There are 2 protein chains.
Amino acid sequence: MSYCTATYRLHDPKADFHKKAESIAVGLTVGSWTELPQAKRTAMQKHLGQVLHVDVHEDLSDADRYADITIAYPDVNFSRDIPALLVTVFGKISMDGRIKLIKLGFSESFQSAFPGPKFGIEGIRQQLDVHNRPLLMSIFKSVIGLNLDELREQFTLQALGGVDLIKDDEILFENELTPIEKRVEICARAAEEASKETGKKLLYATNLTGRTSDLKQQALRAIDAGANALLFNVLSYGYDVLHELSSDPEITVPIAAHPALAGAMYPSPHYGISASVLLGQLMRLAGADLVLFPSPYGSVTMPRDENLAIRDELISSDLSIKTSMPVPSAGIHPGLVPVILQDFGMDVVVNAGGGIHGHPMGTAAGGRAFLQAIDAATHNIPLSDYAHSFPELQTALNIWGGK
Amino acid sequence: MSYCTATYRLHDPKADFHKKAESIAVGLTVGSWTELPQAKRTAMQKHLGQVLHVDVHEDLSDADRYADITIAYPDVNFSRDIPALLVTVFGKISMDGRIKLIKLGFSESFQSAFPGPKFGIEGIRQQLDVHNRPLLMSIFKSVIGLNLDELREQFTLQALGGVDLIKDDEILFENELTPIEKRVEICARAAEEASKETGKKLLYATNLTGRTSDLKQQALRAIDAGANALLFNVLSYGYDVLHELSSDPEITVPIAAHPALAGAMYPSPHYGISASVLLGQLMRLAGADLVLFPSPYGSVTMPRDENLAIRDELISSDLSIKTSMPVPSAGIHPGLVPVILQDFGMDVVVNAGGGIHGHPMGTAAGGRAFLQAIDAATHNIPLSDYAHSFPELQTALNIWGGK
């Protein structure tokens with residue numbers, strides 16, 4: 001028998017959590033059990049959910065009393081796609097009191113329908129030919145209302161700073177000023193120009209938007225126009241759409257998953273789905289090569305342990321598919337680079353917007369300051385020492401702090 | 001200028017909510033404003049978000065202090081699809097502290113991309129030729145593991161009870177025992193047989209599942225096989241998929257939207273998206289003919305005011321598209337019918353599972369008991385009076401209560 005598992009955290013001052021676990025295991029699979037005649041039970045056994053663990057935390061106030069419950073769901077009950085799994089394990093029960101989905105377990109059989117990230121951490125490093133340091137990503141700033149010339153100008157400044165990746169703003173949709181094919185063309189050309197100065201490769205993740213059934217064709221047009229990466233607002237379309245795009249042999253570029261809307265589901269302690277499931281397990285399973293999520297460092301923050309839980313899922317060896325590159329985002333400045341390395345190790349994208357564009361010496365200098373910080377941190381040199389030789393880094397430390 | 005609007009509820013003990021509103025209006029549109037030179041501001045004005053209302057509720061404890069903030073987002077910033085709207089108004093901001101999206105406003109221009117429900121309340125009534133009473137829907141019980149014969153048997157019992165609609169269980173996916181085309185064929189035939197006895201029409205909403213890009217073809221195959229309605233787990237696929245299916249001229253049957261997974265987003269007072277937005281505004285805009293949601297009556301409950309807020313959005317005359325039929329579900333028994341009518345009026349589907357299958361005289365009697373209750377309630381006759389002549393209703397009142 002092959003099962004996928006789901007672990008839930010239930011808050012309740014008085015509930016019999018063992019009984020509740022049984023009712024979930026039965027209710028979300030065969031519907032009823034004790035009243036079934038024996039012959040029927042034998043036929044239904046292979047469809048019946050199983051309670052694997054009930055871990056009750058009693059020694060708390062009534063308001064905080066909770067249990068973590070793990071249920072095994074027979075694979076035979078659902079098709080091998082994420083909508084079927086999520087509807088099975090959290091469809092109805094999501095509406096039944098204080099319950100949060102905190103972990104999934106994918107059977108081998110279920111996993112076999114998911115080729116996973118096409119590039120993953122190693123593939124992205126190969127594309128960029130950068131192997132011994134964290135990567136650096138830069139985010140366009142205030143792109144709504146810009147025309148192609150203004151966009152190119154901003155792109156060039158970021159590229160000249162030596163960043164490894166540039167991503168569209170996630171709120172840049174198909175529009176008359178900078179339609180995707182034109183945008184990709186001018187940015188690809190600008191990247192080529194900049195590369196002559198920096199000697200570096202660059203991935204530009206253009207935002208894939210519009211109607212669901214047009215996404216693939218739009219992606220192919222963007223790739224034809226020179227796109228070498230895509231940005232995708234996964235949660236507004238559903239994981240299955242990412243799964244379809246990432247496993248499509250014609251989509252030959254890495255996909256960066258944006259966490260837009262995730263905050264509608266993960267922050268409550270009592271309801272929803274944990275960030276490590278939403279932005280960790282499911283993004284990787286669905287095939288995201290890079291996954292953005294709110295960093296624990298900035299103003300839009302996520303607690304550090306939740307961040308590390310996402311990271312753990314993106315790189316876990318529990319899955320046989322490729323790993324996904326973690327991209328903690330928001331509030332990042334050069335002074336944070338040593339902390340980011342400490343938290344995430346080498347396999348991380350340092351992703352900055354204001355920390356690059358807001359550099360007093362300009363956007364290109366902002367990129368260089370980050371590369372200097374990365375260089376220092378990967379060689380265990382205190383930033384403040386390294387900054388003596390690099391005015392860009394020194395300036396960044398002066399205004400944003402860090403040592 | 002044409003705008004869509006979003007209203008948020010923000011909880012914060014100390015925040016300057018007016019300042020916060022300005023920062024949302026600027027941050028989610030042009031990105032920055034005060035630092036822009038005048039010429040740039042003129043060019044950007046049409047892209048700038050506007051604060052419409054800030055309604056601060058001060059006279060509360062710190063923990064409860066909140067404000068309702070309404071922002072207008074220029075349509076020119078996003079394409080006319082739900083993913084673009086949601087990412088614009090709640091993409092990044094969903095992850096920024098205690099903020100809940102509680103209401104949307106759709107401009108005429110935005111609405112013009114949405115034909116809305118193909119049938120709506122009137123269309124469904126016409127299909128069933130039932131005009132002067134609430135409709136009655138019956139839910140399959142424990143269908144996982146059933147073979148076609150067992151499924152037909154259960155279908156027939158429900159149909160013989162005289163229900164107007166029968167829906168698949170939302171956790172019934174494509175499977176070897178009851179594949180969709182076979183399931184539809186045998187149920188369509190069973191419906192025809194039953195109709196000879198009941199003289200009534202019947203819609204059977206079969207569950208549309210599987211990979212996103214296959215859904216349309218699967219729907220067409222089901223329709224070819226005789227399906228006269230579809231059930232769809234909208235939130236596991238995204239609203240845009242419903243929008244595409246509902247607006248497709250080849251999909252010629254009503255679509256019932258299931259709320260599976262909605263509980264990951266609406267129950268927290270501090271985070272997520274209100275039920276009236278998720279299951280009211282967006283389901284209707286995306287074209288659901290019927291919308292299921294947890295009733296305020298059963299064990300899986302939603303507060304009554306949230307229920308009525310969903311109803312209001314489904315039938316509101318603010319939108320020029322057709323109305324969607326409200327289907328409050330879970331915990332429904334015949335004794336509740338007068339309350340349901342009081343809360344929802346005539347245009348509601350009385351939707352029952354256990355309240356039909358659990359009837360001591362059997363499933364068909366369970367359906368008849370509901371129709372008797374509906375008949376009594378629409379004629380303002382107390383159920384307990386009416387039950388004197390109807391043993392099915394009397395039995396139901398005896399075990400579940402109601403008067």
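Visitor: In what order do the strands of the open sheet in chain A lie?
Guide: In this predicted model, 5 strands of chain A form an open sheet in the order 2-3-1-4-10, with mixed pairing. Strands (E, at least two residues) and helices (H or I, at least four) are DSSP runs numbered from the N terminus, and two strands pair if DSSP finds at least two bridges between them.

Visitor: Which strands stand at the edges?
Guide: Strand 2 (50-57) and strand 10 (272-273) of chain A do; each has a single partner strand, so one side of each is left without a neighbour in the sheet.

Visitor: How do strand 1 and strand 4 of chain A pair?
Guide: Strand 1 (residues 3-11) and strand 4 (residues 99-105) of chain A pair in the antiparallel sense over 6 bridges. A:Thr5 stands opposite A:Gly105 in strand 4 of chain A.

Visitor: Which strands does helix 1 of chain A touch?
Guide: Helix 1 (residues 17-27) of chain A packs on the sheet and touches strand 1, strand 2, strand 3 (66-74) and strand 4 of chain A. Contact means heavy atoms within 4.5 Å.

Visitor: How are the residues and chains labelled?
Guide: Residues are numbered from 1 along each chain as its sequence is written, and chains are lettered from A in the order in which they are written. Local features need pLDDT of at least 70, and side-chain values use heavy atoms, leaving out hydrogens and water.

Note on methods. Predicted model: local features only at pLDDT ≥ 70, side-chain atom pairs only at ≥ 80, totals over all residues. Axes fitted to C-alpha atoms, helices over the stretch in contact; angles between N-to-C directions.
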